[in-house]
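Please walk me through this model in the viewer, one selection at a time. Tell me what to select next and what is there.

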Amino acid sequence: MSPCRRMLPLLDAFGDGELSADQSLQVEQHLVDCGHCTERIRLNEAVRVSMKRAAPVPSAAFKARLCAALAAERQREEHPSERIGRPLSWRTIAPIAVAASVALAFAAARPKPDTMGAVAGAARASLMGHSPSSSSMQSNAASVTATVEQLIDELVTHHQQGSHPNVTEAALLEQLEPEVGVPVRLPSLYGARWEGASVLPVKAMRNQRAASLRYSVGGHRVTLYVYNSANVPLRATLEPRVVYNTPVYVGERRGYSIAAVERRGVGYAVATDLNDSESAELVVASLH
Amino acid sequence: MTRRPSPPDDFEQLALEHLSSLLAVATRLTRNGAEAEDLVQDTLVKAFRAREQFTPGTNMRAWMLRILTNTFINRYRRGGLERAVLDGPDADPLADGWVSSSSMAALRDPETTALRPVLEREIGEALRELPEEFRLAVVLADVEELSYKEIADVMGCPVGTVMSRLHRGRRMLKSRLYEHALEMGIVGPEKVVGHEPASTNTVDLAQYRARRVKVG
């Protein structure tokens, strides 16, 4: 058997650094004399380099999506009694006051009071500076839930009335920012046509203001609300869902559907007469 | 609310350090970027759930690649890898004579630099056309630089099988590259096969496919 024949089966492993010292030495000695096998090694190396060069780079958007997925997973793990789509921002963004009010609302709205009671209790204790008693917690929870219900009702009513928008130029939208307290941009909702914007004082939230952006899509009126999600905890009584990997809070009131998402402390909610899945898709589109 | 530390702590951060590796492998396994991203996301979530099973101090990247591979096989290829083929007898491992030194030099370093991207693209396409088990072995070894032992762990097969898959996979790649270079006139036609005659026509995507059709 010629030296090349003996070496051939070793060349791959040699290039991969998988040979014993003895074998490596044998191959190296052979390579000194054999231009052909040297060329084989070089070609293997060149192919390897080419393959590496074509490696994709993870986009920032993809990284953000993964972080959100892992955060949701951790959240789920820490609160196993709940369904997916719990607020992602508790730990990082939202002030403890929101945590307390949302937790209280959940405690009242959901049939699993054990874990949520504890959470609400802890949050409330830190707020109030005393240990919670279950009766005051219950009543507080009930009042928060009632407030959020009233809030949703206000948003649906505003949408239903379709009052005339007072800002109709996109360039003027940023003037709403001081009133609303969060950045107001003009998201494009698939093929929807933007008709105008106004500012809506939300009575149920002590007149905290939300921007109301009106769109029209295929003959349906769509209202997109933009607000400080720390002050308007819409998600508290809506049903959590995941749409395109984004947690969405969805509900229906009086034949209208409402869907809310949050990102970086800004809440976006749409009210439409479309069905709830369509509203959920629209509101997710507002994030992009 | 404070964050409850979950061992190993800061799993997310550690895991995301391997994101490029996971995406590199996922991209080669799947058909498009969206599918690759979904596969990586599935992998990360599974790894997160199973993080207590990870032994600190061992190779986390290899551990996650194993999860990725299993996820891919289970979810995207319900039938598993193409066992019928990979359990079949390997082609004569010595039938590897291949082409002349000058042709190999032209392949790895074409005289016209403009041709290099063309050849690189060709390698990318050839890789995509490799049967999965070969492609996976080649990517894990050449792109991710895992050891044979680690690849064996990831793919759930003996080291010997890894070597055979690597060898065959790389041979198919180079053969395809050579054919393409021949078409483009980067190398000339030749009958020279190594230093001594080995069985001709060593590589055989076409043969493989024909066989695969019969098997399937």
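Start with chain A and chain B together, shown as surfaces: in this predicted model, about 4800 Å² is buried between the two chains, and carbon and sulfur atoms give 59% of that area. On the chain A side, select Met51(A), Leu70(A) and Arg74(A), the residues that lose the most area to chain B; together they account for 15% of what that side buries.

Next, select the residues in contact across the boundary. Chain A contributes 48 residues and chain B contributes 54 residues.

Now show the charged side chains at the interface of chain A and chain B, where there are ten salt bridges. One to zoom in on joins Arg48(A) to Asp142(B), with N and O 3.1 Å apart. Turning to polar contacts, 16 residue pairs link chain A and chain B, counting pairs with both residues at pLDDT 80 or more.

Colour chain A by helix. On the side that touches chain B, α1 (3–15), α3 (35–53) and α4 (60–78) of chain A each supply at least two residues. The most come from α3(A), with 14 residues.

Finally, hide chain A and select chain B. Its secondary structure consists of eleven helices and zero strands. Of the 216 residues in chain B, 51% are buried. Among chain B contacts with a separation of 6 or more, 73% are between residues 24 or more positions apart.

Conventions. Residues are numbered from 1 along each chain as its sequence is written. Chains are lettered from A and ligands numbered from 1 in the order in which they are written. This is a predicted model: local features need pLDDT of at least 70, side-chain atom pairs count only at pLDDT 80 or more; totals for chains, interfaces and linings use all residues. Side-chain values use heavy atoms; hydrogens and water are left out. Helices (H or I, at least four residues) and strands (E, at least two) are DSSP runs, numbered from the N terminus. Buried means under 20% relative accessible area, exposed over 50%, partly exposed in between (1.4 Å probe, protein chains only). Contact means heavy atoms within 4.5 Å. Buried area is the accessible area (1.4 Å probe) that two parts lose on being put together, summed over both. A salt bridge is a side-chain nitrogen of Lys or Arg within 4 Å of a carboxyl oxygen of Asp or Glu. A polar contact is a pair of N or O atoms within 3.5 Å; within protein, one must be able to donate a hydrogen and the other to accept it, and residues adjacent in sequence count only if both atoms are side-chain atoms.
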